[in-house]
Amino acid sequence: VGRCARRKASLPGTAKWEAPRPRIATSELLPVRLSFSQPIEPGTPVVLSATTSRGPCHAFVYAFPSSFPIGMYRVQRQTVGADYQPPQGREWLKDYMDTFAVSGKTTGQAPDEWLDDCRRHYIDTLVPDYVIRGGDPSIAAKFGLSVVPYATMMDRYHDHPAIAGWYLADEPGREPVQSTLARIEDIRGKDRTRPVVVTINQPIWPRAVDFDHVDIGYQDTYPVYGAPLESVADCVAEYRMLIAPKPVVFIPQCFRRSPNETAGWCRFPTPEEERFMVLLSLAAGARGEVYFAYNVEPFEPIEGCGLSKAPEAGALWAEIGRINLELKMLAPLLAQSCPIDTRRAGDVQVARLALGRDTIACIVTNHDYEYTKETFRPHRTGPIALPAPTPDWLTVADAFSLSADGLQSVAHADGELTLGDLGEGAIVILTSDPGLRGRLEARRAELVKAAGG
């Protein structure tokens with residue numbers, strides 16, 4: 001724990017990178033499907049126990065349906081003024097998003113009409129706990145915002161069908177564990193059918209949260225520009241270790257500092273950089289991507305790509321839509337993903353994820369790139385043969401790459417896959433299910449049609 005904070009790297013020019021150490025041997029990983037004698041209601045406490053070659057292991061969890069959320073932070077109107085009208089649900093479907101985190105730093109009152117619109121378009125909303133940071137009266141007074149007590153907010157919205165979870169804390173680091181646990185107990189007392197969510201920046205922070213009581217972890221690492229891009233994978237992996245077997249959702253950076261600011265994030269990520277960060281998080285085992293942030297914050301020195309008029313923000317937003325389409329196609333499988341191992345061929349990394357019992361996703365990332373204060377530019381390569389051996393429990397019947405434009409066959413033989421051209425990265429599917437490709441193509445067509453494409 002703490003590897004992401006201790007890591008040092010020289011940033012200018014071409015990146016220098018070392019592949020991470022394998023966390024588990026391939027031969028030791030075996031997908032297991034659990035069956036229960038009776039249905040388990042959401043929020044039911046469950047103890048999972050297993051005896052392995054390394055001895056017994058146990059995990060205490062609250063049971064919730066698996067999912068792979070794709071969405072955006074900060075789309076509520078309070079953060080940019082009363083005259084701002086956030087896009088309606090139908091508009092969000094064009095970019096294949098289904099989850100919004102109503103960030104808890106300004107006001108505790110999510111607009112009823114906005115939640116209702118989310119519900120009509122099957123969009124989930126994470127509603128925050130405003131006690132930790134959003135309940136700060138000084139912030140509300142400075143920007144003319146109201147602060148609704150947390151208990152009032154829960155009483156008002158706890159049964160709203162658009163709410164998918166309760167956002168307990170945003171980057172806690174100074175709160176005592178006892179007060180955090182008290183809030184979790186209060187949440188479960190009012191609504192135990194939805195998960196408790198906590199966002200952290202680096203897992204080495206002081207233990208403000210007892211992670212045994214967190215249902216879903218959100219991880220926000222914003223490296224552009226000033227930190228190694230590989231810190232994304234490091235921090236997602238460490239958070240997964242803290243709360244395993246519960247899921248971690250990554251928060252990709254899609255903002256820059258405000259034009260009138262001189263410190264901090266000097267530019268928007270490039271489209272290729274955004275895709276590279278998403279791929280890095282998937283390789284580390286992320287089970288969701290919720291971007292930060294859509295709008296321009298009046299109390300923080302950042303500019304979100306959703307409302308920015310900068311041309312580079314528009315290009316970034318368009319690429320996010322393409323990334324989301326690919327993720328949405330694969331979301332039912334990614335919701336049950338489990339990292340197997342990571343292998344390397346030169347500057348290219350192949351991380352293998354088990355997607356159930358009949359499919360593997362190979363997350364390919366190209367670590368030969370230019371990364372400077374001004375830009376990110378991957379050095380394209382190909383054709384290239386990459387290590388992708390299959391475990392004993394999988395016989396490959398089909399191999400193909402995934403993109404917003406469709407699925408393309410990939411050569412796979414003798415434990416290697418061959419790519420004709422590689423930019424920042426790719427997703428390659430190896431499966432024993434001969435019908436999977438057709439179902440993914442059909443899902444893509446349905447998604448594009450629903451988005452008005």
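Student: Which loop holds Arg357?

Tutor: Let's start by placing this residue in the model, which is a predicted one. Arg357 sits in the loop between S14 and S15.

Student: Is Arg357 buried, partly exposed or exposed?

Tutor: Buried means under 20% relative accessible area, and exposed means over 50%. Arg357 has 48% relative accessibility, so the residue counts as partly exposed.

Student: How far apart are the C-alpha atoms of Arg357 and Thr431?

Tutor: Good one to check in the viewer! Along the chain, Arg357 and Thr431 are 74 residues apart.

Student: Which element gives the most residues to the largest nonpolar core?

Tutor: That core has 43 residues, and Leu327 and Ile363 have the most contacts inside it. The elements that give two or more residues include strand S14 (348-355), strand S15 (359-366) and helix H9 (311-334). With 12 residues, the one that gives the most is H9.

Student: Which residues does Ile363 touch, not counting those up to four places away in sequence?

Tutor: Let's list them in chain order. Beyond those sequence neighbours, Ile363 touches Leu279, Leu282, Ala283, Gln349, Val350, Ala351, Leu353, Ala426 and Ile427.

Student: How many residues are in the second, separate core?

Tutor: Among its members are Val214, Leu229, Ala237 and Met277. The size of this second core is 33 residues.

Student: Through how many residues does a hairpin join S1 to S2?

Tutor: S1 (residues 45-52) and S2 (residues 55-62) pair in the antiparallel sense over 8 bridges. Pro45 stands opposite Tyr62 in S2. The hairpin joins the two strands through 2 residues.

How values were computed
Residues numbered from 1 in each chain as written. Predicted model: local features only at pLDDT ≥ 70, side-chain atom pairs only at ≥ 80, totals over all residues. Heavy atoms only, no water. Core = buried A, V, L, I, M, F, W, Y, C linked by side-chain atoms within 4.5 Å. Buried < 20%, exposed > 50% of the residue type's maximum accessible area, 1.4 Å probe, protein only. Helix = DSSP H or I, 4+ residues; strand = E, 2+ residues; numbered from the N terminus. Contact = heavy atoms within 4.5 Å. Pairing = 2+ DSSP bridges.
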